[in-house]
Amino acid sequence: MLKSLEILFENDRFMVVVKPQNTPVQATRAGSISMLDLAEDYMTFKCGVENPYVGLVHRLDQPTGGLMLLSKSPDATKKLNEAFRNHRVEKKYLVLIQGHIVPESADVCHYLSADSKANYVTVSKNPAPGYQKAILHYRCLRHDTWQNQPVSLLEIHLDTGRQHQIRCQMSTLGHGVIGDRKYGVVIANEPLMLWAYALTFSDQKKHYHFELPPSVEPMQSIYQVTTD
């Protein structure tokens, strides 16, 4: 086993784990170890469960790191998937973007069309056939400078969960995500500055809230300033 699973919380129904950046959620053609592989290995070798069940409740793009929820039974998978579909789960992201964004808080609506073969999403500002509505809300936590370039650290809440939504919507606004080689801007040889940092949901009448500060620089240092 090349990696170990970092677990923030676990009960008999689900695990809240840390997804490292550039780790796929599921197995890929390249054969890279995935989050499901790590979870199954943990259940098998650490917990002694033969033929363990691990359910995928939601996805993160491969370059994105942060909080991820995995289920441990078919019933938990069904209930948590329903919660996501019915918008009863709140996910928040931290993202470092190019430029000093104005206004510092806004709701953003676009229409997205995903090309699965090209793994690319096209954005329209107006409704169009084959395009799905995508809505996010951002709040600027800090304007800063990195590598002599203006940057902004945003907290983003998604109303919809479209493929590459944050990355392509911010790029359309003219504020590409730092480290995004598909839609954004590369200032140095940095990873994608997008981090799933907060997760809030209920399960079996219990309320759960988790937060995980980013571990990638320079987002980590800029975020730390906002909390000091």
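In which sense do strand 1 (residues 7–10) and strand 2 (residues 14–19) pair, and over how many bridges? I looked this up to start with, and the pairing is antiparallel over 3 bridges. For the terms: strands (E, at least two residues) are DSSP runs numbered from the N terminus, and two strands pair if DSSP finds at least two bridges between them.

A note to myself on the ground rules. This is a predicted model, in which local features need pLDDT of at least 70 and side-chain atom pairs count only at pLDDT 80 or more, while totals for chains, interfaces and linings use all residues. Residues are numbered from 1 along each chain as its sequence is written, and side-chain values use heavy atoms, with hydrogens and water left out.

**The hairpin.** I followed the chain from strand 1 to strand 2 and found a hairpin that joins them through 3 residues. Across the pair, Phe9 stands opposite Val16 in strand 2.

I then picked Leu69 and listed its contacts (heavy atoms within 4.5 Å). Beyond four places in sequence, Leu69 touches Phe14, Met15 and Val16, and also, among others, Leu80, Leu199 and Phe201.

**Asp203.** Strand 10 (residues 194–203) also holds Asp203. Is Asp203 buried or exposed? Asp203 counts as buried because its relative accessibility is 5%; buried is under 20% relative accessible area, exposed over 50%, and partly exposed in between (1.4 Å probe, protein chains only). Its contacts beyond four places in sequence are Arg13, Phe14, Leu80 and Tyr208.

**The cavity.** I found 1 cavity of 30 Å³ or more, with a volume of about 40 Å³ for the largest cavity. Its lining is made by His58, Leu67, Lys91, Lys92, Ala196, Tyr197, Ala198 and Leu199. A cavity here is a set of points on a 1 Å grid over the protein atoms alone where a 1.4 Å probe fits but cannot get out, and lining residues have an atom within 4 Å of a point. The volume is the space filled by probe spheres set on the points, joined across faces, edges and corners. Strand 10 supplies the largest share of the lining, 4 residues.

Note on methods: 1 Å grid on protein atoms, 1.4 Å probe; cavity = no way out; pocket = protein on both sides within 12 Å on 5 of 7 lines; lining within 4 Å.
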